[in-house]
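Let's take a friendly walk through a protein model, looking at how its parts meet and what sits on its surface. Have the structure open as you read.

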Amino acid sequence: MRKLMIGVLLAATVIASPIGVQQVNAAGAVVKIDGSSTVYPITEAVAEEFQAATRGKVRVTIGVSGTGGGFKKFCRGETDISEASRPIMKKEMEACKKAGIQYVELPVAYDALTVVVNPQNNWIKSLTVDELKKMWEPAAQGKVTTWKQVNPAWPDVPLKLFGAGADSGTFDYFTEAVVGKAKSSRGDYTASEDDNVLVQGVSMDKSALGFFGYAYYAENAKKLKAVPIAAKAGATPVAPSIDTVKSGAYQPLARPIFIYVSAKSLEKPEVREFAEFYLKNAATLSEEVKYVPLPDKAYVMALDNLKAKKTGTGFGGIPEVGVSVEDLLKREGKH
Amino acid sequence: MSNGKSHLSHSPMRLAKERLVEAILFLAAFASVAITVAIVGILLYESLGFFRHVSIVEFLTDTQWTPLFDDAHYGILPLAAGTLVTTGVALAVAIPLGTIIAIYLSEFAPHKMREIIKPFLELLGAVPTVVYGYFALIFVTPLLQKIMPDLSGFNMLSAGLVMGIMIIPYVSSVSEDAMRAVPMHMREGSYAMGATRFQTSVRVVTPAAFSGIAAAYILGISRAVGETMVVAIAAGMQPNLTWDPTQPAATITAYIVQVSLGDLPHGSIGYQTIFAAGLTLMLITLIFNIGGYLLTKRFREVY
Amino acid sequence: MTAEDLKEIRALISRHKLWDYLFATLGLLAMLAGILVLLALFINLFMEGAPRLTTDFFTSFTSRRPERAGILAAWAGTTLVMFVTASVAVPLGVAAAVYLEEYASKNAITALIEINVTNLAGVPSIVYGLLGLSLFVYKMDLGQSILTAGLTLALLILPVVIVATREAIRAIPGSIREAAYALGATKWQMVSDHVLPYSSAGILTGVIIGLSRAIGETAPLIVVGALTFIAFLPQSPISPEFPYVSFAWLKEPFTVMPIQMFNWTSRPEEAFQVNAAAAGVVLLIMTLTMNAVAIYLRYRIRKNIKW
């Protein structure tokens with residue numbers, strides 16, 4: 001027994017020592033980030049490059065508690081930056097106001113919501129928002145179950161729907177854009193938090209239709225077919241791609257994603273440096289992780305807002321679809 | 001002995017030490033009560049905010065759970081049904097298999113086999129639940145779809161089966177420990193009467209180890225009811241009031257995870273629903289546990 | 001005894017033997033089913049993740065490029081958090097169980113506590129996360145640190161440890177206790193010298209099952225503040241100056257293996273799925289190592305018990 005205990009302790013020491021070797025500076029500068037898992041890939045890329053650029057003098061930590069969880073921590077002053085896949089909402093604005101936290105709202109990229117079908121689906125060439133609405137509105141629950149019911153030109157094949165879970169910003173945005181009211185949707189579709197699962201679902205079922213972020217379509221383009229969307233009946237359908245989203249042609253399913261930087265944290269040089277680094281490099285890095293960069297002008301405007309510490313949100317806590325990022329950045333910040 | 005009181009047995013130091021030890025142990029036991037009080041406290045506190053908006057009657061009787069949708073319904077029945085069905089499937093797998101394995105390992109298997117197999121079975125409980133979830137979705141469901149072609153991609157059956165396999169070590173290891181602790185002389189008495197190993201294990205050992213086996217079952221049930229990730233991944237996230245395991249459904253636990261890690265603002269009524277759901281779950285577990293406890297009290301053997 | 005009776009008896013015996021044999025086969029099959037699933041899982045994971053199991057996988061931090069992303073911060077974090085979990089859950093659980101079995105009188109209150117403990121085993125892990133958040137992070141101001149994570153997980157596995165310990169203690173025959181008392185031992189002496197050593201095998205079972213669960217938990221740790229991106233390690237417990245042991249690492253931010261896996265599985269790039277599988281293999285091996293120590297101890301102890 002004794003020998004065993006000593007052996008275990010020795011082994012633990014041996015394992016623990018390389019952990020110590022890596023340590024350089026205990027109390028260094030830390031930038032704390034938390035929030036949405038949608039924005040995470042971009043922030044991760046930025047943090048990686050930033051740490052390389054500052055040669056490890058500044059440490060960045062990123063959590064993935066979700067947009068809601070991120071704001072909760074942010075409005076308690078626990079994080080410096082909050083990632084959000086949707087604008088800050090009224091309840092969160094109040095919490096921040098109560099705690100005296102002011103923030104700069106910075107859009108960092110577009111997440112293009114892509115509507116996909118199975119590659120063997122040969123009857124669909126494009127979709128109008130009205131057709132999507134017919135498929136997804138609450139009244140469709142239990143009633144609209146075949147493709148033919150949406151458009152008589154399509155075959156009488158069952159309609160299998162896949163989409164984001166009702167707690168996600170993706171769901172909110174999609175329903176707002178398609179049905180006209182956020183969270184207004186039929187309940188009988190296959191929901192999943194993990195977009196990879198949705199990819200699998202659509203790619204294995206001929207009669208399936210689903211929506212998720214562009215990055216997941218781009219990675220699996222061989223297994224899926226993206227559907228061009230026409231914003232209104234008679235408009236030319238636009239397929240999602242880096243160019244069409246950047247130019248603003250792909251509407252209404254291109255949504256901006258944000259980071260919110262605490263004004264108090266901006267007094268720390270490392271946070272300010274990081275935020276500026278983020279905006280300066282978001283264009284290249286977001287494209288690397290298959291998101292769509294904002295137009296260059298938008299990044300310049302955002303950088304100006306950051307330097308001027310323009311606090312408040314352009315949305316006022318109310319969700320909106322189809323706002324151009326430039327217009328958003330020009331708006332007065334509401335608190 | 002020189003005087004009446006020996007300095008060994010009644011020294012105040014000794015008594016004080018005993019009292020101290022007892023006090024420390026009591027605090028430890030009390031910690032478990034404190035934890036429950038804290039959990040129930042949190043759940044109740046936040047649920048109160050929820051129940052100000054939604055009546056309890058609606059909560060218990062509405063057949064739809066769509067709190068995050070625009071047209072919000074707050075009936076807990078679909079989630080409760082999801083929890084009960086997946087637990088039922090899991091237990092249908094874990095209890096028979098776990099008990100048989102326990103009996104086999106304790107009464108039939110040679111010593112070496114037991115010592116090698118038992119850790120491997122316990123490893124079943126060590127696989128991260130996310131891995132089990134994907135295993136159910138990507139491996140088990142397609143397999144089942146070959147037998148049952150109209151099984152939907154998300155269903156409670158795969159999730160329940162995989163959950164059952166995950167819980168086997170809970171049932172088998174603790175039961176086996178209990179069976180092994182039955183004194184040999186009871187078995188020897190049975191063998192002396194000409195009983196086979198099977199008869200001995202079923203008629204002598206199992207009843208004698210009953211309290212331990214029941215504890216193992218209750219542990220397994222509690223674990224099944226509280227499991228989150230396997231069902232979240234493999235059973236789908238759409239609340240669905242059905243008792244048919246081939247359908248997708250959401251459990252109370254999957255719903256709680258979905259919302260607490262999602263994009264909802266904390267403090268909104270959608271967020272508060274998770275506390276009401278959690279409270280319901282604790283009540284369901286409590287009912288199972290009280291039932292199990294009463295049953296064990298009646299049938300426990302003392303030897 | 002007539003020839004008829006003899007025949008009947010022989011038939012009875014062979015019938016019973018048949019049942020015996022059938023059951024043995026059934027038991028073997030049941031075990032095989034469990035082992036097969038485990039092997040299927042492991043082989044599946046291994047085949048997918050094997051290409052990524054290189055040294056740099058273990059020594060690099062995570063990255064957006066899957067070929068560069070490694071688990072250094074993750075496995076260090078898991079090791080440290082598990083250490084805290086075990087150090088808290090085992091003493092607390094064993095102490096509670098000993099009190100409930102040996103000291104407490106068998107009344108309604110004890111019954112209530114017993115039901116309470118098994119009830120806690122059914123609370124979903126994320127609720128423990130929410131508890132940990134409001135209690136450890138906010139009220140006790142321990143921050144989003146390794147200490148909080150360890151404490152939260154310890155609470156999670158406490159019921160299993162308590163139940164397993166109780167059953168192990170219950171199984172000890174009363175004669176052993178009485179023998180100790182007969183020699184003049186106090187209650188605590190009896191417990192520490194007789195009850196605990198004999199029940200340690202069962203205690204270890206509970207510890208193994210509990211720790212195996214804790215190592216794979218994701219959701220409660222995310223709620224408590226475990227990170228997904230962290231490119232530095234906590235301070236080493238071994239420090240170069242006196243007193244050579246440092247506790248600063250308890251208060252540091254961290255990440256754990258299951259969270260890393262979970263994050264990688266939800267990324268679109270195919271290469272990240274390989275990473276996730278590799279991380280899964282490493283996690284299983286870590287668990288096996290952790291269990292191996294306890295299992296070995298249990299084996300040694302069980303060999304010596306004969307009653």
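## A salt bridge between domains

Start with Glu219(A), which forms a salt bridge with Lys290(A), their closest N and O atoms being 3.3 Å apart. (A salt bridge here is a side-chain nitrogen of Lys or Arg within 4 Å of a carboxyl oxygen of Asp or Glu.) This is a predicted model, where local features need pLDDT of at least 70 and side-chain atom pairs count only at 80 or more, while totals for chains, interfaces and linings use all residues. Residues are numbered from 1 along each chain as its sequence is written, chains are lettered from A and ligands numbered from 1 in the order written, and side-chain values use heavy atoms, leaving out hydrogens and water.

## Two domains in chain A

Chain A splits into domain 1 (6-110 + 255-332) and domain 2 (114-247), with bounds from an automatic or database domain assignment. Their C-alpha centres lie 30 Å apart. At the interface, 16 residues of domain 1 are in contact with 13 residues of domain 2 (contact means heavy atoms within 4.5 Å), and the rule finds one salt bridge across it.

Now hop over to Leu286(B), which sits in helix H12 (residues 269-299) of chain B. (Helices are DSSP runs of H or I, at least four residues, numbered from the N terminus.) Leu286(B) counts as partly exposed because its relative accessibility is 31%, and partly exposed covers the range between buried (under 20%) and exposed (over 50%), using a 1.4 Å probe and protein chains only.

Note on methods:
Helices (H or I, at least four residues) and strands (E, at least two) are DSSP runs, numbered from the N terminus.
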